Amino acid sequence: MRNKTFWIAYLLLLVAQLIISNFFRVTPYIMLSILPVMVLCIPTRVNTLWTMLIAFATGSTVDLLSEGVLGLNALALVPVAFLRNAVIHLIFGEELFARKEDFTLRSSGFAQVGLALLLVQALFLAIYIWADGAGTRPLPFNLYRFLASLGAGVLVSLIPLNVLASESRQ
């Protein structure tokens with residue numbers, strides 16, 4: 001039952017991302033996305049291949065229903081899914097996988113979870129901004145866009161993080 005609750009929350013957050021992408025374009029310097037945190041919080045018992053397929057489907061859905069460039073979110077989100085287990089191992093250690101548990105804010109602490117969030121958000125944005133610019137935008141613009149989007153994205157991602165990595169899903 002808890003697994004079902006996670007996937008319902010995941011789908012509702014996908015709808016929230018569609019709303020963010022369609023209606024909250026504040027400036028060309030900030031690209032808000034909660035997709036990396038959604039992929040990070042997929043249960044650890046889901047293997048990497050399935051996580052990558054879920055990330056591809058999630059990114060493609062956002063690309064198809066909101067963004068102008070097809071494949072851009074999917075391109076940036078699949079590497080996040082590929083490296084998700086490595087980030088979890090790096091930040092939280094082997095013990096989560098050994099006990100087949102998922103990380104939570106309460107058990108892992110905000111510092112560790114925040115660092116993991118920062119890493120996946122940075123990876124996603126680096127690929128997204130690189131592919132979106134396609135060599136046509138100057139480096140200072142892309143760097144400023146990366147930093148502004150990273151700060152805003154981490155702040156916005158705290159809400160879905162609290163929903164998906166809460167103690168109640170355990």
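Mentor: Start with glutamine 121, which is found in helix α7. A helix here is a DSSP run of H or I with at least four residues, a strand is a run of E with at least two, and both are numbered from the N terminus. The model is predicted: local features need pLDDT of at least 70, side-chain atom pairs count only at pLDDT 80 or more, and totals for chains, interfaces and linings use all residues. Residues are numbered from 1 along each chain as its sequence is written, and side-chain values use heavy atoms, with hydrogens and water left out.

Trainee: Is glutamine 121 buried or exposed?
Mentor: The general idea is a cut-off on relative accessible area: buried means under 20%, exposed over 50%, and partly exposed in between, with a 1.4 Å probe and protein chains only. Glutamine 121 has 1% relative accessibility, so it counts as buried.

Trainee: Which residues does glutamine 121 touch?
Mentor: Contact means heavy atoms within 4.5 Å. Not counting residues up to four places away in sequence, glutamine 121 touches Ser33, Pro36, Leu150, Gly153, Val154 and Ser157.

Trainee: What does the side chain of glutamine 121 reach?
Mentor: First the term: a polar contact is a pair of N or O atoms within 3.5 Å; within protein, one must be able to donate a hydrogen and the other to accept it, and residues adjacent in sequence count only if both atoms are side-chain atoms. Here the side chain of glutamine 121 reaches the backbone oxygen of glycine 153 at 3.3 Å. The backbone oxygen of glycine 153 also lies 2.7 Å from a polar atom of the side chain of serine 157.

Trainee: Where is serine 157, and what does it touch?
Mentor: Serine 157 sits in helix α8, residues 139-164. Its relative accessibility is 0%, so serine 157 counts as buried. Leaving out residues up to four places away in sequence, its contacts are Ser33, Ile34, Val37, Leu117 and Gln121. Serine 157 and methionine 38 are 119 residues apart along the chain, and their C-alpha atoms are separated by 8.7 Å.

Trainee: How do I read the length of a helix?
Mentor: Compare its span with an expected one, which is 1.5 Å times one less than the number of residues. Helix α8 has 26 residues and reaches 35 Å from its first C-alpha to its last, close to the 38 Å expected. Helix α4, residues 72-92, has 21 residues and reaches 29 Å, close to the 30 Å expected.

Trainee: Where do α8 and α4 bend?
Mentor: The bend at a residue is the angle between axes fitted to the seven residues ending there and the seven starting there. α8 bends by about 35 degrees at leucine 158, and proline 160 follows within four residues. α4 bends by about 45 degrees at leucine 83. Glycine 93 follows α4 and has a positive phi, near 90 degrees.

Trainee: Which residues touch the most other members of the largest nonpolar core?
Mentor: A nonpolar core is a set of buried Ala, Val, Leu, Ile, Met, Phe, Trp, Tyr and Cys residues joined through side-chain atoms within 4.5 Å. The largest one has 48 residues, and Met38, Val39, Cys41, Phe92, Phe103, Phe124 and Leu161 touch the most other members. At least two residues of this core come from each of α1 (2-23), α2 (35-40), α3 (48-65), α4, α7 (110-133) and α8. Beyond four places in sequence, valine 39 touches Tyr10, Thr51, Ala55, Leu77, Val80, Ala81 and Arg84.

Trainee: What would a partly exposed residue look like?
Mentor: Threonine 61 lies in helix α3. Threonine 61 has a relative accessible area of 27%, so it is partly exposed. Not counting residues up to four places away, threonine 61 touches Leu14 and Leu18. Phenylalanine 24, in the loop between α1 and α2, is also partly exposed, at 48% relative accessibility.

Trainee: How do I read the whole chain?
Mentor: Count the elements: there are 8 helices and 0 strands. Then check the radius of gyration, taken over C-alpha atoms; the globule rule is 2.2 Å times the number of residues to the power 0.38. For 170 residues a compact globule would have a radius near 15 Å, and the chain agrees because it has 15 Å. Buried residues make up 48% of the 170 residues. Among contacts between residues at least 6 apart in sequence, 75% join residues at least 24 apart.
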